[in-house]
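Biologist: Hi! Could you walk me through this one, starting with the charged side chains?

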Amino acid sequence: MALEQLEKCAKIMNLDPNIHEILKYPKRVLCVYIPVRMDNGKIKVFKGFRSQHNDALGPFKGGIRYHPNVTMDEVIALSMWMTWKCSVVGLPYGGGKGGVICNPKEMSIGEIERLSRGYFYAISKIVGPEIDIPAGDVNTSSREMAWFMDEYSKLKGYNVPGTITGKPVEIGGSEGRTEATGLGVAIVGREAAKCLGINLKGAKVVVQGFGNVGYYSAYFLEKLGCKIIGVSDSRGGIYNKEGLKLDAVREFKAKTGSVVGFPGAEVITNEDLLELECDILVPSALENQITEKNANRIKAKLILEGANGPTTPEADEILHKRGVMVAPDILANAGGVSVSYFEWVQNLQGYYWSKEEVFDKLDKLLVKAFNKVYRIYEEYKVDMRMAAYVCAVSRVAEAMKIRGWV
Ligand code: NAD
(Lines give C-alpha, C1' and ligand atoms only; values in the text may rest on other atoms or scores of the structure.)
Protein backbone atom coordinates (compact mmCIF):
# COMPACT_ATOMS: atom_id res chain seq x y z
CA MET A 1 0.00 0.00 0.00
CA ALA A 2 2.82 2.41 0.89
CA LEU A 3 4.57 1.68 -2.40
CA GLU A 4 1.33 2.03 -4.39
CA GLN A 5 0.62 5.41 -2.83
CA LEU A 6 4.13 6.59 -3.62
CA GLU A 7 3.72 5.33 -7.21
CA LYS A 8 0.43 7.20 -7.63
CA CYS A 9 1.90 10.37 -6.18
CA ALA A 10 5.04 10.08 -8.34
CA LYS A 11 2.87 9.99 -11.49
CA ILE A 12 0.81 13.01 -10.45
CA MET A 13 3.81 15.16 -9.59
CA ASN A 14 6.06 13.81 -12.33
CA LEU A 15 8.69 12.76 -9.80
CA ASP A 16 12.27 12.23 -10.97
CA PRO A 17 12.52 8.41 -11.47
CA ASN A 18 15.89 8.34 -9.66
CA ILE A 19 14.40 9.93 -6.57
CA HIS A 20 11.43 7.57 -6.81
CA GLU A 21 13.79 4.59 -6.94
CA ILE A 22 15.59 5.69 -3.76
CA LEU A 23 12.35 6.46 -1.90
CA LYS A 24 10.99 2.94 -2.49
CA TYR A 25 13.49 1.55 0.01
CA PRO A 26 14.53 2.37 3.57
CA LYS A 27 18.04 3.64 4.09
CA ARG A 28 18.67 1.06 6.79
CA VAL A 29 16.83 -1.66 8.70
CA LEU A 30 18.35 -3.17 11.79
CA CYS A 31 17.14 -6.55 13.02
CA VAL A 32 17.99 -7.38 16.62
CA TYR A 33 17.57 -10.43 18.85
CA ILE A 34 16.99 -9.52 22.48
CA PRO A 35 17.64 -12.09 25.24
CA VAL A 36 15.33 -11.44 28.20
CA ARG A 37 15.33 -13.26 31.51
CA MET A 38 11.69 -14.15 32.13
CA ASP A 39 10.13 -14.33 35.60
CA ASN A 40 10.45 -18.14 35.57
CA GLY A 41 14.24 -17.79 35.36
CA LYS A 42 14.48 -18.92 31.70
CA ILE A 43 15.92 -16.78 28.90
CA LYS A 44 13.61 -15.98 25.99
CA VAL A 45 14.92 -14.29 22.85
CA PHE A 46 12.70 -11.66 21.22
CA LYS A 47 13.09 -10.30 17.70
CA GLY A 48 12.88 -6.56 17.00
CA PHE A 49 13.49 -4.09 14.20
CA ARG A 50 14.27 -0.45 13.59
CA SER A 51 13.70 0.87 10.09
CA GLN A 52 15.11 4.23 8.99
CA HIS A 53 13.48 5.27 5.75
CA ASN A 54 14.87 8.65 4.74
CA ASP A 55 16.83 11.37 6.51
CA ALA A 56 17.16 14.00 3.81
CA LEU A 57 15.29 16.51 5.99
CA GLY A 58 16.78 15.61 9.38
CA PRO A 59 17.11 12.76 11.88
CA PHE A 60 14.71 9.83 11.64
CA LYS A 61 11.58 10.00 13.79
CA GLY A 62 8.89 7.44 14.57
CA GLY A 63 7.40 5.22 17.23
CA ILE A 64 8.21 1.76 18.55
CA ARG A 65 5.41 -0.79 18.75
CA TYR A 66 5.10 -4.00 20.74
CA HIS A 67 2.81 -6.51 19.07
CA PRO A 68 2.80 -10.23 18.20
CA ASN A 69 2.05 -9.38 14.53
CA VAL A 70 4.99 -7.01 13.97
CA THR A 71 6.91 -7.85 10.78
CA MET A 72 9.92 -6.27 9.14
CA ASP A 73 7.87 -5.24 6.09
CA GLU A 74 5.25 -3.58 8.28
CA VAL A 75 7.92 -1.61 10.14
CA ILE A 76 9.49 -0.53 6.82
CA ALA A 77 6.13 0.66 5.43
CA LEU A 78 5.35 2.54 8.63
CA SER A 79 8.76 4.23 8.51
CA MET A 80 8.00 5.45 4.97
CA TRP A 81 4.66 6.89 6.17
CA MET A 82 6.54 8.70 8.93
CA THR A 83 8.77 10.33 6.30
CA TRP A 84 5.63 11.76 4.67
CA LYS A 85 3.96 12.73 7.95
CA CYS A 86 7.01 14.66 9.19
CA SER A 87 7.51 16.26 5.81
CA VAL A 88 3.92 17.39 5.28
CA VAL A 89 3.93 19.43 8.50
CA GLY A 90 7.37 20.84 7.76
CA LEU A 91 9.29 19.16 10.60
CA PRO A 92 13.09 18.85 10.23
CA TYR A 93 12.83 15.04 10.44
CA GLY A 94 12.89 11.96 8.29
CA GLY A 95 10.86 8.81 8.90
CA GLY A 96 11.65 5.86 11.14
CA LYS A 97 9.76 3.11 12.92
CA GLY A 98 10.53 0.28 15.29
CA GLY A 99 8.82 -2.84 16.49
CA VAL A 100 9.32 -5.86 18.71
CA ILE A 101 7.49 -9.14 18.17
CA CYS A 102 5.97 -9.78 21.60
CA ASN A 103 2.69 -9.82 23.45
CA PRO A 104 3.05 -7.40 26.37
CA LYS A 105 -0.44 -8.40 27.59
CA GLU A 106 1.03 -11.77 28.57
CA MET A 107 4.17 -10.34 30.20
CA SER A 108 4.82 -8.95 33.69
CA ILE A 109 5.93 -5.32 34.12
CA GLY A 110 9.42 -6.55 35.03
CA GLU A 111 9.64 -8.61 31.83
CA ILE A 112 8.45 -5.65 29.74
CA GLU A 113 11.04 -3.41 31.39
CA ARG A 114 13.88 -5.89 30.72
CA LEU A 115 12.71 -6.28 27.11
CA SER A 116 12.49 -2.48 26.65
CA ARG A 117 15.97 -1.88 28.05
CA GLY A 118 17.36 -4.79 25.99
CA TYR A 119 15.77 -3.53 22.77
CA PHE A 120 17.00 0.03 23.22
CA TYR A 121 20.49 -1.19 24.11
CA ALA A 122 20.46 -3.31 20.94
CA ILE A 123 19.51 -0.37 18.69
CA SER A 124 21.56 2.21 20.64
CA LYS A 125 24.25 2.51 17.96
CA ILE A 126 21.78 3.89 15.43
CA VAL A 127 19.61 6.15 17.64
CA GLY A 128 20.28 9.42 19.46
CA PRO A 129 19.13 13.05 19.35
CA GLU A 130 21.02 13.75 16.12
CA ILE A 131 20.42 10.37 14.46
CA ASP A 132 17.01 8.88 15.19
CA ILE A 133 14.49 9.87 17.85
CA PRO A 134 11.96 7.11 18.61
CA ALA A 135 8.64 7.57 20.45
CA GLY A 136 5.63 5.54 21.62
CA ASP A 137 3.25 3.58 19.42
CA VAL A 138 0.95 0.57 19.79
CA ASN A 139 1.36 -0.91 23.32
CA THR A 140 4.14 1.47 24.35
CA SER A 141 3.55 4.57 26.46
CA SER A 142 5.42 7.14 28.55
CA ARG A 143 6.45 4.30 30.90
CA GLU A 144 8.50 2.57 28.18
CA MET A 145 9.85 5.95 26.97
CA ALA A 146 11.24 6.59 30.46
CA TRP A 147 13.03 3.20 30.43
CA PHE A 148 14.42 3.86 26.92
CA MET A 149 15.69 7.28 27.96
CA ASP A 150 17.22 5.90 31.14
CA GLU A 151 18.95 3.02 29.35
CA TYR A 152 20.43 5.30 26.69
CA SER A 153 21.56 7.83 29.33
CA LYS A 154 23.29 5.07 31.32
CA LEU A 155 25.17 4.00 28.19
CA LYS A 156 26.32 7.55 27.52
CA GLY A 157 27.07 8.34 31.13
CA TYR A 158 24.94 11.50 31.18
CA ASN A 159 21.26 12.45 30.70
CA VAL A 160 20.14 12.44 27.08
CA PRO A 161 16.42 13.31 27.18
CA GLY A 162 16.39 14.30 23.49
CA THR A 163 16.88 10.71 22.37
CA ILE A 164 13.23 9.81 22.82
CA THR A 165 9.90 11.67 22.91
CA GLY A 166 6.66 10.97 24.68
CA LYS A 167 8.44 10.91 28.07
CA PRO A 168 6.69 11.76 31.33
CA VAL A 169 6.78 15.53 31.96
CA GLU A 170 8.91 14.95 35.11
CA ILE A 171 11.88 13.79 33.00
CA GLY A 172 11.64 16.12 30.01
CA GLY A 173 8.29 15.34 28.37
CA SER A 174 6.36 18.25 26.87
CA GLU A 175 3.32 19.91 28.31
CA GLY A 176 0.36 19.35 25.99
CA ARG A 177 1.56 16.06 24.44
CA THR A 178 -1.49 14.19 25.79
CA GLU A 179 -3.93 16.52 24.07
CA ALA A 180 -1.78 17.20 20.99
CA THR A 181 -3.20 14.76 18.44
CA GLY A 182 -6.83 15.64 19.22
CA LEU A 183 -6.04 19.34 19.23
CA GLY A 184 -4.37 18.93 15.84
CA VAL A 185 -7.47 17.18 14.49
CA ALA A 186 -9.61 20.13 15.65
CA ILE A 187 -7.23 22.73 14.16
CA VAL A 188 -7.21 20.97 10.78
CA GLY A 189 -11.00 20.66 11.08
CA ARG A 190 -11.35 24.37 11.74
CA GLU A 191 -9.28 25.26 8.65
CA ALA A 192 -11.04 22.72 6.42
CA ALA A 193 -14.45 23.97 7.60
CA LYS A 194 -13.50 27.50 6.50
CA CYS A 195 -12.68 26.22 3.00
CA LEU A 196 -15.90 24.21 2.79
CA GLY A 197 -18.10 26.99 4.20
CA ILE A 198 -19.14 24.88 7.24
CA ASN A 199 -20.13 27.06 10.18
CA LEU A 200 -18.66 25.40 13.25
CA LYS A 201 -21.15 27.05 15.60
CA GLY A 202 -23.61 24.22 16.06
CA ALA A 203 -21.98 21.96 13.44
CA LYS A 204 -22.85 18.33 14.16
CA VAL A 205 -19.90 16.06 14.86
CA VAL A 206 -19.64 12.27 15.18
CA VAL A 207 -16.52 10.65 16.65
CA GLN A 208 -15.66 6.96 16.33
CA GLY A 209 -13.37 5.83 19.17
CA PHE A 210 -13.36 7.52 22.56
CA GLY A 211 -9.70 7.04 23.48
CA ASN A 212 -6.95 9.64 23.55
CA VAL A 213 -7.42 10.93 20.00
CA GLY A 214 -11.22 10.61 19.91
CA TYR A 215 -11.87 12.29 23.23
CA TYR A 216 -9.53 15.25 22.68
CA SER A 217 -10.73 15.75 19.08
CA ALA A 218 -14.28 15.96 20.42
CA TYR A 219 -13.21 18.19 23.31
CA PHE A 220 -11.47 20.78 21.12
CA LEU A 221 -14.15 20.68 18.39
CA GLU A 222 -16.73 21.33 21.08
CA LYS A 223 -14.65 24.31 22.24
CA LEU A 224 -14.86 25.63 18.67
CA GLY A 225 -18.65 25.57 18.93
CA CYS A 226 -19.45 22.14 17.48
CA LYS A 227 -22.13 19.87 18.88
CA ILE A 228 -20.93 16.30 19.51
CA ILE A 229 -23.96 14.14 18.65
CA GLY A 230 -22.38 10.67 18.55
CA VAL A 231 -19.37 8.86 20.00
CA SER A 232 -18.35 5.22 20.27
CA ASP A 233 -15.83 2.73 21.56
CA SER A 234 -15.15 -0.96 20.91
CA ARG A 235 -18.43 -1.95 22.61
CA GLY A 236 -20.67 0.30 20.49
CA GLY A 237 -21.91 3.84 20.05
CA ILE A 238 -24.25 6.39 21.59
CA TYR A 239 -26.26 9.11 19.87
CA ASN A 240 -28.24 12.16 20.92
CA LYS A 241 -29.16 14.64 18.22
CA GLU A 242 -29.33 17.46 20.79
CA GLY A 243 -25.67 16.89 21.70
CA LEU A 244 -23.82 14.83 24.31
CA LYS A 245 -22.23 16.24 27.47
CA LEU A 246 -18.64 15.18 26.84
CA ASP A 247 -17.32 15.37 30.38
CA ALA A 248 -20.25 13.35 31.67
CA VAL A 249 -19.68 10.72 28.94
CA ARG A 250 -16.01 10.55 29.87
CA GLU A 251 -16.84 10.09 33.54
CA PHE A 252 -19.40 7.42 32.65
CA LYS A 253 -16.82 5.53 30.55
CA ALA A 254 -14.23 5.77 33.33
CA LYS A 255 -16.73 4.20 35.76
CA THR A 256 -18.33 1.55 33.54
CA GLY A 257 -15.62 0.86 30.96
CA SER A 258 -17.72 1.99 27.99
CA VAL A 259 -19.76 4.89 26.60
CA VAL A 260 -22.60 2.44 25.93
CA GLY A 261 -25.44 2.84 28.42
CA PHE A 262 -24.85 6.58 28.93
CA PRO A 263 -28.17 7.94 30.23
CA GLY A 264 -30.27 9.94 27.77
CA ALA A 265 -28.56 8.68 24.64
CA GLU A 266 -29.65 6.14 22.08
CA VAL A 267 -27.43 3.05 21.64
CA ILE A 268 -26.26 2.42 18.08
CA THR A 269 -23.74 0.18 16.39
CA ASN A 270 -20.33 1.42 15.23
CA GLU A 271 -21.46 0.81 11.63
CA ASP A 272 -24.58 2.99 12.01
CA LEU A 273 -22.63 5.65 13.86
CA LEU A 274 -20.48 6.31 10.78
CA GLU A 275 -23.59 6.90 8.69
CA LEU A 276 -25.30 9.38 11.01
CA GLU A 277 -26.58 12.69 9.64
CA CYS A 278 -23.76 15.10 10.58
CA ASP A 279 -21.36 17.74 9.24
CA ILE A 280 -18.07 16.30 10.45
CA LEU A 281 -17.04 12.68 11.00
CA VAL A 282 -13.90 11.87 13.00
CA PRO A 283 -12.83 8.20 12.72
CA SER A 284 -10.31 7.87 15.54
CA ALA A 285 -10.23 4.19 16.40
CA LEU A 286 -9.01 1.71 13.81
CA GLU A 287 -7.97 1.37 10.19
CA ASN A 288 -10.32 0.35 7.33
CA GLN A 289 -13.56 1.71 8.80
CA ILE A 290 -14.78 3.62 5.72
CA THR A 291 -14.77 1.26 2.76
CA GLU A 292 -16.47 0.89 -0.63
CA LYS A 293 -19.34 -0.76 1.28
CA ASN A 294 -20.37 2.31 3.32
CA ALA A 295 -18.70 5.28 1.58
CA ASN A 296 -21.87 6.06 -0.39
CA ARG A 297 -23.92 6.25 2.79
CA ILE A 298 -21.62 8.64 4.71
CA LYS A 299 -23.55 11.89 5.25
CA ALA A 300 -20.71 14.06 6.62
CA LYS A 301 -19.26 16.79 4.40
CA LEU A 302 -15.87 16.57 6.09
CA ILE A 303 -13.96 13.56 7.44
CA LEU A 304 -11.06 14.20 9.81
CA GLU A 305 -8.84 11.12 10.05
CA GLY A 306 -7.81 10.98 13.69
CA ALA A 307 -6.82 7.31 13.29
CA ASN A 308 -4.19 6.05 10.88
CA GLY A 309 -5.67 4.59 7.68
CA PRO A 310 -9.41 4.61 8.52
CA THR A 311 -10.40 5.13 4.85
CA THR A 312 -9.61 2.58 2.13
CA PRO A 313 -8.40 3.76 -1.33
CA GLU A 314 -11.73 2.61 -2.89
CA ALA A 315 -13.70 4.67 -0.37
CA ASP A 316 -11.41 7.64 -1.01
CA GLU A 317 -12.42 7.64 -4.66
CA ILE A 318 -16.14 7.41 -3.90
CA LEU A 319 -15.96 10.21 -1.32
CA HIS A 320 -13.95 12.47 -3.62
CA LYS A 321 -16.51 12.02 -6.40
CA ARG A 322 -19.31 12.82 -3.95
CA GLY A 323 -17.55 16.02 -2.88
CA VAL A 324 -16.81 14.84 0.67
CA MET A 325 -13.46 16.20 1.85
CA VAL A 326 -11.18 13.78 3.68
CA ALA A 327 -8.46 15.50 5.72
CA PRO A 328 -5.89 12.65 5.54
CA ASP A 329 -4.24 11.05 8.55
CA ILE A 330 -0.74 12.29 7.75
CA LEU A 331 -2.05 15.83 8.12
CA ALA A 332 -5.06 15.51 10.46
CA ASN A 333 -3.33 13.47 13.16
CA ALA A 334 0.13 15.04 12.84
CA GLY A 335 -0.42 17.08 16.04
CA GLY A 336 1.16 14.23 18.01
CA VAL A 337 4.44 14.07 16.11
CA SER A 338 4.53 17.87 15.98
CA VAL A 339 4.47 18.17 19.77
CA SER A 340 7.04 15.34 19.89
CA TYR A 341 9.20 17.65 17.79
CA PHE A 342 8.56 20.44 20.31
CA GLU A 343 9.57 18.06 23.10
CA TRP A 344 12.89 17.35 21.37
CA VAL A 345 13.48 21.07 20.78
CA GLN A 346 12.83 21.79 24.48
CA ASN A 347 15.17 18.95 25.51
CA LEU A 348 17.98 20.23 23.27
CA GLN A 349 17.73 23.78 24.57
CA GLY A 350 16.95 22.80 28.17
CA TYR A 351 14.21 25.42 28.29
CA TYR A 352 10.60 24.35 28.76
CA TRP A 353 7.39 25.93 27.45
CA SER A 354 3.96 26.28 29.01
CA LYS A 355 0.99 24.37 27.63
CA GLU A 356 -0.34 27.61 26.10
CA GLU A 357 2.93 28.15 24.23
CA VAL A 358 2.89 24.58 22.96
CA PHE A 359 -0.73 24.89 21.76
CA ASP A 360 -0.03 28.21 20.10
CA LYS A 361 3.00 26.86 18.24
CA LEU A 362 1.05 23.78 17.18
CA ASP A 363 -1.76 25.95 15.80
CA LYS A 364 0.64 28.00 13.66
CA LEU A 365 2.46 24.90 12.38
CA LEU A 366 -0.70 23.06 11.35
CA VAL A 367 -2.39 26.09 9.76
CA LYS A 368 0.68 26.58 7.58
CA ALA A 369 0.73 22.88 6.62
CA PHE A 370 -3.01 22.82 5.90
CA ASN A 371 -2.78 25.89 3.65
CA LYS A 372 0.11 24.39 1.72
CA VAL A 373 -1.78 21.15 1.14
CA TYR A 374 -4.98 23.01 0.24
CA ARG A 375 -3.16 25.04 -2.41
CA ILE A 376 -1.87 21.81 -4.00
CA TYR A 377 -5.40 20.35 -3.78
CA GLU A 378 -6.73 23.29 -5.78
CA GLU A 379 -3.84 23.34 -8.24
CA TYR A 380 -3.61 19.61 -9.02
CA LYS A 381 -7.36 18.88 -8.70
CA VAL A 382 -6.65 15.72 -6.67
CA ASP A 383 -8.13 14.67 -3.33
CA MET A 384 -6.65 16.01 -0.10
CA ARG A 385 -4.76 12.78 0.55
CA MET A 386 -2.88 12.97 -2.73
CA ALA A 387 -2.35 16.71 -2.19
CA ALA A 388 -0.73 15.92 1.17
CA TYR A 389 1.45 13.26 -0.46
CA VAL A 390 2.52 15.61 -3.25
CA CYS A 391 3.39 18.23 -0.63
CA ALA A 392 5.35 15.72 1.48
CA VAL A 393 7.21 13.95 -1.33
CA SER A 394 8.14 17.27 -3.02
CA ARG A 395 9.81 18.55 0.13
CA VAL A 396 11.83 15.36 0.60
CA ALA A 397 12.72 15.22 -3.12
CA GLU A 398 13.90 18.83 -3.06
CA ALA A 399 16.14 18.16 -0.05
CA MET A 400 17.59 15.07 -1.76
CA LYS A 401 18.36 17.09 -4.89
CA ILE A 402 19.95 19.98 -2.96
CA ARG A 403 22.10 17.54 -1.01
CA GLY A 404 23.26 15.96 -4.27
CA TRP A 405 21.81 12.49 -3.69
CA VAL A 406 20.64 12.32 -7.30
P1 NAD B 1 -6.67 4.61 22.38
O2 NAD B 1 -6.33 3.21 22.69
O3 NAD B 1 -6.52 5.67 23.43
O4 NAD B 1 -8.21 4.69 21.89
C5 NAD B 1 -8.76 3.87 20.93
C6 NAD B 1 -10.27 3.94 21.04
O7 NAD B 1 -10.86 3.21 19.97
C8 NAD B 1 -10.83 3.32 22.34
O9 NAD B 1 -11.86 4.13 22.83
C10 NAD B 1 -11.39 1.98 21.87
O11 NAD B 1 -12.46 1.52 22.67
C12 NAD B 1 -11.87 2.36 20.49
N13 NAD B 1 -12.09 1.20 19.62
C14 NAD B 1 -11.37 0.05 19.52
N15 NAD B 1 -11.94 -0.77 18.63
C16 NAD B 1 -13.02 -0.12 18.14
C17 NAD B 1 -14.02 -0.44 17.20
N18 NAD B 1 -14.01 -1.62 16.58
N19 NAD B 1 -14.98 0.47 16.94
C20 NAD B 1 -15.00 1.66 17.59
N21 NAD B 1 -14.10 2.01 18.50
C22 NAD B 1 -13.12 1.14 18.77
O23 NAD B 1 -5.83 4.96 21.06
P24 NAD B 1 -5.49 6.40 20.47
O25 NAD B 1 -4.15 6.82 20.95
O26 NAD B 1 -6.65 7.30 20.66
O27 NAD B 1 -5.32 6.06 18.93
C28 NAD B 1 -6.39 5.90 18.04
C29 NAD B 1 -5.92 5.94 16.62
O30 NAD B 1 -5.22 7.15 16.37
C31 NAD B 1 -4.95 4.83 16.18
O32 NAD B 1 -5.18 4.56 14.82
C33 NAD B 1 -3.60 5.49 16.34
O34 NAD B 1 -2.61 4.88 15.53
C35 NAD B 1 -3.92 6.88 15.85
N36 NAD B 1 -2.98 7.92 16.28
C37 NAD B 1 -2.77 8.18 17.58
C38 NAD B 1 -1.91 9.20 17.95
C39 NAD B 1 -1.71 9.57 19.39
O40 NAD B 1 -0.99 10.54 19.66
N41 NAD B 1 -2.31 8.88 20.35
C42 NAD B 1 -1.22 9.94 16.97
C43 NAD B 1 -1.47 9.65 15.62
C44 NAD B 1 -2.35 8.64 15.30
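Modeller: Happy to! This is a predicted model, and we can begin with arginine 143, which is partly exposed at 33% relative accessibility.

Biologist: Which residue does arginine 143 form a salt bridge with?

Modeller: The partner is glutamate 144, and the closest N and O atoms are 2.9 Å apart. Glutamate 144 has 2% relative accessibility, so it counts as buried.

Biologist: Why can side chains pair like that?

Modeller: Side chains of opposite charge can pair when their charged atoms come close.

Biologist: How many salt bridges are there?

Modeller: The count comes to 25 salt bridges. One of them joins the side chains of lysine 97 and aspartate 137, at 3.0 Å from N to O. Lysine 97 sits in strand S4 (residues 94-101), while aspartate 137 is in the loop between strand S5 (132-136) and helix H5 (142-156), so this pair ties together parts that are 40 residues apart in sequence.

Biologist: Is lysine 97 buried or exposed?

Modeller: Lysine 97 counts as buried, with 6% relative accessibility. Aspartate 137 is partly exposed, at 21%. The cut-off for buried is under 20%.

Biologist: What does aspartate 233 pair with?

Modeller: Aspartate 233 forms a salt bridge with lysine 253, with the closest N and O atoms 3.0 Å apart. Aspartate 233 belongs to strand S7 (residues 227-233) and lysine 253 to helix H8 (residues 246-256), so the pair ties together parts 20 residues apart in sequence. As for accessibility, aspartate 233 is buried at 7%, and lysine 253 is partly exposed at 23%.

Biologist: Which residues are linked in a network of salt bridges?

Modeller: That network links Glu113, Arg117, Asp150, Glu151 and Lys154.

Biologist: New topic: helices. At what angle do H1 and H14 pack?

Modeller: Helix H1 (residues 2-13) and helix H14 (residues 384-403) pack at about 80°, and their axes are 9 Å apart. That angle makes H1 roughly perpendicular to H14.

Biologist: Which residues make the contact?

Modeller: From H1 the contact uses Gln5, Leu6, Lys8, Cys9, Ile12 and Met13, and from H14 it uses Arg385, Met386, Tyr389, Val390, Val393 and Ser394. Sorted by class, the contact of H1 with H14 has 8 nonpolar, 2 polar and 2 charged residues.

Biologist: Back to lysines. Where does lysine 167 lie?

Modeller: Lysine 167 lies in the loop between H5 and helix H6 (177-196). Lysine 167 is buried, with a relative accessible area of 5%.

Biologist: What does the side chain of lysine 167 reach?

Modeller: The side chain reaches the backbone oxygen of isoleucine 164 at 2.6 Å. There is also a polar contact of 2.7 Å between the side chains of lysine 167 and glutamate 343. Setting aside neighbours within four places in sequence, lysine 167 is in contact with several residues, including Ser142, Met145, Pro161 and Asn347.

Conventions. Residues are numbered from 1 along each chain as its sequence is written. This is a predicted model: local features need pLDDT of at least 70, side-chain atom pairs count only at pLDDT 80 or more; totals for chains, interfaces and linings use all residues. Side-chain values use heavy atoms; hydrogens and water are left out. A salt bridge is a side-chain nitrogen of Lys or Arg within 4 Å of a carboxyl oxygen of Asp or Glu. Helices (H or I, at least four residues) and strands (E, at least two) are DSSP runs, numbered from the N terminus. Buried means under 20% relative accessible area, exposed over 50%, partly exposed in between (1.4 Å probe, protein chains only). Axes are lines fitted to C-alpha atoms, for helices over the stretch in contact, and angles run from 0 to 180 degrees between N-to-C directions. Angles under 35 degrees count as roughly parallel, over 145 as roughly antiparallel, 65 to 115 as roughly perpendicular and the rest as oblique. Contact means heavy atoms within 4.5 Å. Ala, Val, Leu, Ile, Met, Phe, Trp, Tyr, Cys and Pro count as nonpolar, Asp, Glu, Lys and Arg as charged, and the others, Gly among them, as polar. A polar contact is a pair of N or O atoms within 3.5 Å; within protein, one must be able to donate a hydrogen and the other to accept it, and residues adjacent in sequence count only if both atoms are side-chain atoms.
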